[in-house]
Amino acid sequence: MTDEQHAIDVRDVHKTFKKRVKALRGVDLQVASGEIFGLLGPNGAGKSTLVKILMTVVRPSRISGTFLGHAIGHKPALQHVGYLPEHHNFPDYLTGRHVIEFSGALAGMLKHDRRTNANRLLDRVGMTRWASSRLKTYSKGMLQRVGLAQAMVNDPKIVVLDEPTDGVDPVGRREIRDLLLELRDEGRTIFLNSHLLSELEMVCDRVAIMVQGQVSMHGTIDELTHDSRRFEIDCVGDTPSWIDSIEDATTEISGETCCIRIRTDEPHDIQPVLDRLRNDGRIITRVHAVRESLEDLFMRAVTDERGEVASPGGVVEPRRAKGGDA
Amino acid sequence: MTPVLALLVDAYRLLNARKIFWLTMILSLLVVGSFSLVGIDEQGISIAWWDLELFELNTGSAGYTKALFYKVIFTEFGVNIWLAWIATILGLITTASIFPEFLGAGSIDVVLSKPIGRFKLFLIKYITGLLFVFLQVCTFTTASFLVIGFRGGVWEPGLFIAIPLVTLFFSYLFSICALLGVITRSTIASLLLTVLVWFLLFIVQAAESSLMFFDLMLEQRVEGYQTAVERTETQLAKVEDPDDTERWAFLHETLEKRKENLAEAESSTASLDAWHTGLMSVLTVLPKTGETIELLSRWTIDLAELPEPMASTSRPLVNDDGDFRPDRDRLGQDMNEARRARSSWWILGTSTIFELVLVVFSAWLFYRRDF
């Protein structure tokens with residue numbers, strides 16, 4: 001892909017805080033234009049640091065690559081970016097409309113355009129009724145909706161959302177999901193940072209999982225779960241004697257039922273097995289296509305060979321003893 | 001330009017939402033309103049319905065003009081006390097939170113993600129912080145101008161110089177407050193430390209004024225003993241009878257004593273001069289809050305306008321017994337003239353350089369920081 005096709009293309013991103021805490025350790029990440037990209041990871045994996053580097057809130061220790069075709073940190077490029085930070089704290093003396101219009105003004109929008117967009121977005125996030133109320137009267141979910149609206153006011157090419165459904169009720173979450181899909185259909189790129197794996201699974205075209213400052217896995221959910229795809233065939237009776245001759249097949253007996261697992265994502269591959277089971281006169285009770293959920297994938301990514309979950313936070317270098325060996 | 005205007009409008013909304021802003025505005029107007037209760041005529045002054053006959057304060061024998069009277073009220077009470085102390089403290093309380101709140105987690109992220117450079121953002125935010133005092137002084141000065149005009153019949157546009165002067169004076173303190181706000185990110189810490197620095201500045205300036213006073217007094221002392229030496233030498237020369245050895249010896253002894261006194265005074269003056277020069281060097285690099293405010297009376301009140309001081313009894317500074325008694329009226333005038341002799345550029349220039357250094361340093365910290 002060329003730079004134009006990549007909304008985000010960063011390589012070798014490093015960030016060390018206070019010379020010891022390595023929050024990012026050589027992150028490579030590409031986000032294609034017009035896709036919904038999900039960034040996952042446990043607390044302290046470096047997701048927010050990476051987002052903040054893209055948004056020029058945090059200065060990288062080392063970075064190369066482009067953001068909307070410009071070098072990282074190129075301020076004018078941010079005119080085409082919408083951003084909703086995690087734990088945002090808009091001034092409570094502002095109204096919802098003020099927040100949206102203020103955000104538009106900072107992006108350099110003219111008054112007429114930001115007013116028009118504010119009205120449209122207030123309606124789109126269901127906040128028209130409370131547009132003139134001060135933020136201090138808003139619930140967490142309402143604040144989140146206004147936050148989303150301010151991130152979209154400048155008609156951005158890319159929207160970066162850090163935990164956008166935080167504090168939002170199930171109905172609101174669904175509305176936000178629908179909104180994200182609409183934005184993608186409009187050709188915008190969405191960069192999502194979230195802990196809610198099931199929601200990401202529903203909307204993301206591609207995901208990356210970060211663990212301790214590095215990208216552990218990335219790709220489409222189909223690509224990432226490809227190896228885990230299998231079919232499960234439940235039938236009555238013991239393990240068929242011929243099952244060993246089937247490639248990538250395993251069995252498990254549970255009571256009077258035998259579960260045959262075949263690692264493939266092609267239904268065509270299991271037809272011979274089904275034929276033989278029928279020829280044997282077996283009763284087939286269930287045929288089920290199985291793949292890893294994003295949660296399984298996530299847990300696999302954050303768990304090491306010993307089965308221990310990665311500790312939260314960046315990698316901390318031990319202090320060097322003065323005059324001693326490193 | 002749009003982001004700059006947006007930040008200015010946001011600053012106004014911030015002030016508007018703070019009750020202390022409006023409280024200060026109302027109090028300012030009450031202070032101005034009190035000017036309208038004060039009048040001056042040939043007999044003395046009037047406060048509301050009370051007439052006070054004052055020998056030293058009237059437009060008759062005391063030689064005051066209405067214009068001078070109201071300008072003195074405006075500068076001495078309105079600016080020196082209200083704006084430069086009480087309103088400034090209220091202003092600091094209101095604005096101390098601007099940077100700590102702006103830099104707080106969740107607040108700064110959205111603003112930094114916009115296409116505005118950090119230096120520019122910091123400077124705009126800094127300037128908007130001065131909006132509080134600017135609006136207050138504009139209101140106060142305009143109201144004073146109208147009240148003094150209608151009440152006293154004196155239309156004095158020179159009063160409006162208070163707007164840039166008081167705003168500049170406040171900006172010295174706000175630059176300290178902004179730096180502390182960027183470093184500590186705590187409203188309380190930045191406010192208290194700013195007030196502490198202000199107090200220290202006051203101490204340095206008061207110490208310099210005291211040294212100047214004693215310096216001038218010692219100069220009078222030197223002058224007094226010089227005159228006494230000359231007087232004694234003249235007396236000694238007039239002793240015509242060479243046999244009058246008793247008087248000659250007395251005068252000779254007196255002359256020696258006066259010379260000793262003179263040498264001692266000159267030595268003290270030199271020593272105090274060194275201290276004064278040292279303190280002036282320190283003061284040069286610090287913001288001159290008091291003198292900046294004093295410029296208002298320097299620029300609006302001409303010394304020639306002031307009533308002639310009553311002729312002081314011409315008595316020698318050192319009497320025949322050799323005791324030094326300073327001429328306090330002259331000392332006051334000398335102090336006034338010495339302070340007025342200081343260049344406005346020195347006062348404003350060095351103070352502004354101090355402010356610029358602090359602002360650039362704060363902006364640099366802001367520029368380099370991760371949020």
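Two strands count as paired here if DSSP finds at least two bridges between them. I start with that rule, and I keep in mind that the model is predicted.

**Entry 1: the four-stranded sheet of chain A**

I looked up which strands make the open sheet of four in chain A. The order is β12-β13-β11-β14 (chain A), and the pairing is antiparallel.

Strand β11 (residues 230–236) of chain A runs antiparallel to strand β13 (residues 257–262) of chain A, and six bridges join them. I followed one bridge down to residues: A:Asp234 has A:Cys259 in β13(A) as its partner.

I also looked for a helix on these strands. Helix α8 (residues 271–279) of chain A lies across β11, β13 and β14 of chain A. Its run makes about 5° with β11(A).

**Entry 2: the six-stranded sheet of chain A**

I moved on to an open sheet of six strands. Its order is β6-β7-β8-β3-β9-β10 (chain A), with mixed pairing. The edge strands are β6 (81–84) and β10 (214–220) of chain A. The twist from one strand to the next averages 15°.

Here too I picked a pair. Strand β3 (residues 36–40) of chain A and strand β8 (residues 189–193) of chain A pair in the parallel sense, over four bridges. Within this pair, A:Gly38 stands opposite A:Leu192 in β8(A).

Which helices pack on these strands? Helix α1 (residues 47–54) of chain A packs on the sheet and touches β3, β7 (158–162), β8 and β9 (206–211) of chain A. The direction of α1 makes about 145° with that of β7(A). Helix α9 (residues 294–302) of chain A lies across β3, β9 and β10 of chain A, and runs at about 30° to β9(A).

**Entry 3: chain A as a whole**

Chain A has nine helices and 15 strands. Its C-alpha atoms fill a box of roughly 75 × 65 × 40 Å along the principal axes. Of the 326 residues in chain A, 41% are buried. I also checked the contacts with a separation of 6 or more: 69% of them join residues 24 or more positions apart.

The chain is divided into domain 1 (6–224) and domain 2 (230–290). Between the centres of these two domains of chain A I read 45 Å, taken over C-alpha atoms.

**Entry 4: the nonpolar cores**

I asked how many residues the largest nonpolar core has. There are 138, and those with the most contacts inside the core are A:Ala149, A:Val160, A:Ile190, A:Leu192 and B:Val166. Helix α8 (residues 162–184) of chain B gives the most to this core, with 15 residues. Another core, of 10 residues, lies apart from it, including A:Phe231, A:Ile233, A:Ile270 and A:Val273.

Leaving out residues up to four places away in sequence, A:Ile190 touches A:Ile36, A:Phe37, A:Val159, A:Leu161, A:Leu180, A:Leu183 and A:Arg184.

**Entry 5: where the chains touch**

I turned to the contact between the chains. It takes 22 residues from chain B and 26 residues from chain A. On the chain B side, α1 (2–17) and α5 (108–112) of chain B are the elements that give two or more residues. The largest share, seven residues, comes from α1(B). By class, the chain B side has 11 nonpolar, six polar and five charged residues.

**Entry 6: the domains of chain B**

Chain B is assigned domain 1 (2–204 + 341–368) and domain 2 (208–286 + 314–338). Their centres are 43 Å apart over C-alpha atoms. The contact between them takes five residues from domain 1 of chain B and eight residues from domain 2 of chain B. On the domain 1 side, α9 (187–238) and α13 (344–368) of chain B each give two or more residues. That side divides into four nonpolar residues, one polar and no charged.

**Entry 7: one residue, B:Thr350**

Last, I checked B:Thr350, which is found in helix α13 of chain B. Is B:Thr350 exposed, partly exposed or buried? It is partly exposed, because 17 other C-beta atoms lie within 10 Å, and buried would need 20 or more. Beyond four places in sequence, B:Thr350 touches B:Thr284 and B:Val285. The C-alpha atoms of B:Thr350 and B:Leu283 are separated by 9.2 Å, though the two residues are 67 apart along the chain.

Technical notes
Residues numbered from 1 in each chain as written. Chains lettered and ligands numbered in written order. Predicted model: local features only at pLDDT ≥ 70, side-chain atom pairs only at ≥ 80, totals over all residues. Domains from an automatic or database assignment. Contact = placed C-beta atoms within 7 Å. Nonpolar A, V, L, I, M, F, W, Y, C, P; charged D, E, K, R; others polar. Core = buried A, V, L, I, M, F, W, Y, C linked by C-beta atoms within 7 Å. Buried ≥ 20, exposed ≤ 12 C-beta atoms within 10 Å, placed from the backbone. Axes fitted to C-alpha atoms, helices over the stretch in contact; angles between N-to-C directions.
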